[in-house]
Amino acid sequence: MKTARMRWRLCALLASTAIGLSATAYAQSTGPVWDSSQLPESRGTVKQYTLTPRGDVDGVILTDGTEVKLPPHLTAQTVFSIRPGDQVSIRGLRARAVALVDAASITNVTTGRSVVDSGPPDRRDRSQEQPISGRIAAPLHGKRGEVNGALLEDGTVLRLPPPEAERLQDWLRQGQPVSVRGAVLDTPLGRVVDVQAIGSSPEQMIELAGARPPRGPADGPDRRGPPPPAFGPPPPPPPRS
């Protein structure tokens, strides 16, 4: 009886130690949890991309008709690493009934560039405002010619609501040194800042007001208030003379 109890305590101690070591290893791990190299491999030549309704790449089609699925958040990495005509190696799960692969990674056989699905991107940096300083290389415009931001000399894109960009356009002139604060988003295509404040230094900034509705004539489509009803009773006939 005593021996059985000691064995039980020893097993419990070993189990708790293993759990603790596993948790520590998991917390220290900075890479993807799963090793895609252990998944089945498929090879082929890319024929074309497949697109979502928003125009993001959500996979490729191989010349043999195999459809390879990729998460849309990997669009930038995919188009930079994999192009039609490239020979690729795919690691993922192959469907039984159709020519379909749910890819965990796809590698350009010639260049060695790989796109690995490590899960959805961490978007927390969108809500973390950071100060950015630089010099304006050029103002940026919307399709109607309205100023809606600026480009810094280091390639960073600043975005402001058009009414605020118009009000603060002196800060967006070419060659103007500027400091801004806002949500910074770093992507494989570049850095963009959703500007919340702007000024001459991080210590001296003007807070942006909220975006306002576009201005227009009093009886135009931009007027305030609800539009008139589309249907209603016909107007009364004019009085007889």
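**A colleague's note on this predicted model**

1. A friendly word of caution to begin with: residues 211-231 have a pLDDT that stays under 50, and the model gives this stretch 11 contacts beyond four places in sequence. Please keep in mind that the whole structure is a predicted model.

2. For the protein chain overall, the mean pLDDT is 77, with 69% of residues reaching 70 or more. Residues 10-31 are another stretch to read with care, as their pLDDT is below 50 and they make one contact in the model beyond near neighbours in sequence.

3. The protein chain contains three helices and 12 strands. It has 241 residues, and 27% of them count as buried. If you look at contacts between residues at least 6 apart in sequence, 47% join residues that are at least 24 apart. The accessible surface of the protein chain is about 17,000 Å², and carbon and sulfur atoms account for 55% of that.

4. Leaving out residues up to four places away in sequence, valine 195 touches Leu158, Arg159, Leu160, Val180, Arg181, Gly182 and Leu208.

5. Next, follow the chain from strand 11 into strand 12. These two strands form a hairpin, with two residues between them. They run antiparallel and are joined by four bridges.

6. Is isoleucine 206 buried, partly exposed or exposed? Its relative accessible area is 37%, so isoleucine 206 is partly exposed, since that class lies between the 20% limit for buried and the 50% limit for exposed. Isoleucine 206 sits in strand 12, which covers residues 204-207.

7. Finally, the surroundings of isoleucine 206. Not counting residues up to four places away in sequence, isoleucine 206 touches Arg167, Leu168, Trp171, Gln196, Ala197 and Ile198. For glutamine 196, 10 residues away along the chain, the C-alpha separation from isoleucine 206 is 8.6 Å.

Technical notes: Residues numbered from 1 in each chain as written. Predicted model: local features only at pLDDT ≥ 70, side-chain atom pairs only at ≥ 80, totals over all residues. Heavy atoms only, no water. Buried < 20%, exposed > 50% of the residue type's maximum accessible area, 1.4 Å probe, protein only. Contact = heavy atoms within 4.5 Å. pLDDT = per-residue confidence, 0-100. Areas by Shrake-Rupley, 256 points an atom, 1.4 Å probe, with all protein chains shown as cover. Pairing = 2+ DSSP bridges.
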